[in-house]
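Good morning, and thank you for the time. I would like to take the group through one model, element by element.

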Amino acid sequence: MAKAFFRLQKFLRRTQFLLFFLTAAYLMAGSLLLLQRTRLVIQQGSRGTPANQALPVPDEMTRVGIIDPRTLQSPRPGPRLLVGMDALQEPALDQRHSPHWLMSRNSELRQLRRRWFHRFASDQEPLQTAGLKAMKHTTEHKGTYMGCFTHDSRERTLKGAVFYDLRKMTVAHCQEACAERAYSYAGLAYGAECYCGNTLPAAASKPEECNSECKGEKGSVCGGVNRLSVYRVEELRAGAGRWRNVIYRGCFRAPENLTDAFPASLIQPNLTVETCSEFCSKKEFPLAVIRGQECHCGYPTGRFPLRQGADGLRCSGARNASGAAEGKYCLVYQTPVQDTRCTDRKFLTTKSKVFVALSSFPGAGNTWARHLIEHATGYYTGSYYFDGALYNKGFKGEKDHWRSRRTICVKTHESGKTEIEMFDSAILLIRNPYKSLMAEFNRKYAGHLGYATDRNWKSKEWPDFVNSYASWWASHVLEWLKYGKRLLIVHYEDLKQSLIPKLKEMVEFLNVTVTEDRLLCVENNRDGNFKRSGAKQKNFEPFTQEMKDLINRYILTVDEALRGRNFSGLPREYVPR
């Protein structure tokens, strides 16, 4: 009996050692795989399509006649992404009616655009750092610390402009941003969020509750969870008045009773734009409305939506009590105060049952559409990729896994059958290819907000870019038309021209109910933080006739495919030039 018990004990000891060894081996193998995967994502940013695997060809492409670029010349992959890709040149004219003329993108080009996209995210860091340093050293605003206060993202205590920098936020950065817009107070929360306003918050908190370190400045406190570290901003240098950032919105027909339509009013002889805009800014309203000697402050509403402007001549006497058609019209100005009725955003509380894509060709306005959707629905949008520049500026869904289903929709530029069929439905955003190509080229060389230089446009990379990316514009639409399960087609130009009606369609497609005031708030904040700034090149035509011939054929192909699926064709402005 004792002998049998001894054998059993010996066996159990061996088993225990074996289990320990297997567990350790499993953990080590998992760690190695995770490190390898991370390295691949950083270096390539791709999700591994085999280099020799051709993508499926849509029926529409086969019907119109398309050439496989690989049949022209073998590609010469190298460290430069576009130069040397002769395989992507325009097909010869005598071959363009062959059965393979607009071939679906091969895997090499797919890896090319993914690596280009992910490489750009890392390229943004030096640009942002340089910009931050320039801002930081221009004028150091060492404002007075007012204390720690409570903060509610839905009912903000500082109701002015909002800024995010989830990597580089500092106290000086926030103070500078608010001072440039002539605000009195700057508040920091969560270590990375900056809020501006003209009224000191009423509810004070314990000093120790502001305990979040600034993301860009070790040892400095930038608020806390639902807490604001508030500073009184020092006055701007002489000559920089509060009215400097006031924007003229236009002449509009006044509502029946201005006093009832707007929550704050001022009557003053010799009223000026500066006086009215400063009064409304202090009251923290985004609109300043002038009629005669009356100044009114408020928001765009159903009674005063700011959609149909009047002839400016009708407001020529708006500052005169006896003019402006007996007070029927008024002048409207945008103050620096942000309309906050649509700025609250969050992740979905439960996983979405419908997996929705926001699909577009690069440069088609996907970031702008995400801004509109997030502010209209109140939910973050996700991304198939990770763009640090977008994440740092408030697109928090960038860092969430794209398959988490915690976002209202997911940005993607992919157009392969496998990637498309992963989604239950999609909003397909289409933009004029001429504009899209130029926008993406600008983004590549100057970031989300800048313009490429003359040297970039005149380099060899521009024609290479057009030759490779023009056909992707077409194949992207055609493949989504073929493999997409449920589509809403949105043309960028229509969204820009008729924002509220088109945005309503998009929100209904996402199965979200929103109020009219929230949509008007979105319209009031329509540009977001990623509208390109700086001087455009006037009368600039980067496209050669050969490029136009190539792009125009793709336009006709896509237009025919859309109509074949009972969608409206491309807008008239796409018509070949």
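First, the basis of the values. This is a predicted model, in which local features need pLDDT of at least 70, side-chain atom pairs count only at pLDDT 80 or more, and totals for chains, interfaces and linings use all residues. Residues are numbered from 1 along each chain as its sequence is written, and side-chain values use heavy atoms, with hydrogens and water left out. Helices (H or I, at least four residues) and strands (E, at least two) are DSSP runs, numbered from the N terminus.

Let me begin with the sheet S1-S7-S3-S4-S2. It is an open sheet of five strands with antiparallel pairing, where two strands pair if DSSP finds at least two bridges between them. Strand S1 (144-150) and strand S2 (162-164) are its edge strands, each pairing on one side only. On average, neighbouring strands are turned by 25° against each other, direction ignored; angles run from 0 to 180 degrees between N-to-C directions, and axes are lines fitted to C-alpha atoms, for helices over the stretch in contact. S1 and strand S7 (residues 227-232) run antiparallel and are joined by six bridges. Within S7, Leu-228 is the residue opposite Phe-149. Helix H4 (residues 171-180) packs on this sheet and touches S2, strand S3 (185-189), strand S4 (193-197) and S7. The direction of H4 makes about 140° with that of S3.

Five bridges pair S10 with S11 in the antiparallel sense, and Leu-287 stands opposite Gly-298 in S11.

Which residues does Ser-265 contact, leaving aside its neighbours within four places in sequence? They are Phe-279, Cys-295 and His-296, contact meaning heavy atoms within 4.5 Å. Ser-265 belongs to strand S9. Its C-alpha atom is separated by 4.3 Å from that of His-296, 31 residues apart along the chain. Ser-265 is partly exposed, at a relative accessible area of 34%; buried means under 20%, exposed over 50%, and partly exposed in between (1.4 Å probe, protein chains only).

Next, helix H6 (residues 273-282). Its buried residues are Val-273, Cys-276, Ser-277, Phe-279, Cys-280 and Ser-281. They pack against strands S9 (264-267), S10 (287-291), S11 (294-298) and S12 (329-334).

Two loop residues deserve a word. Asn-270, in the loop between S9 and H6, has a positive phi of about 55° although it is not a glycine, and it counts as exposed at 70% relative accessibility. Glu-284 lies in the loop between H6 and S10; its phi is near 65°, but Glu-284 is buried, with a relative accessible area of 6%.

I close with helix H8 (residues 366-377) and helix H16 (residues 516-524). They pack at an angle of about 150°, their axes 9 Å apart. That makes H8 roughly antiparallel to H16, a term for angles over 145 degrees. From H8, the contact is made by Leu-372, Glu-374, His-375, Ala-376 and Thr-377; from H16, by Arg-518, Leu-519 and Val-522.

Key: Angles under 35 degrees count as roughly parallel, over 145 as roughly antiparallel, 65 to 115 as roughly perpendicular and the rest as oblique.
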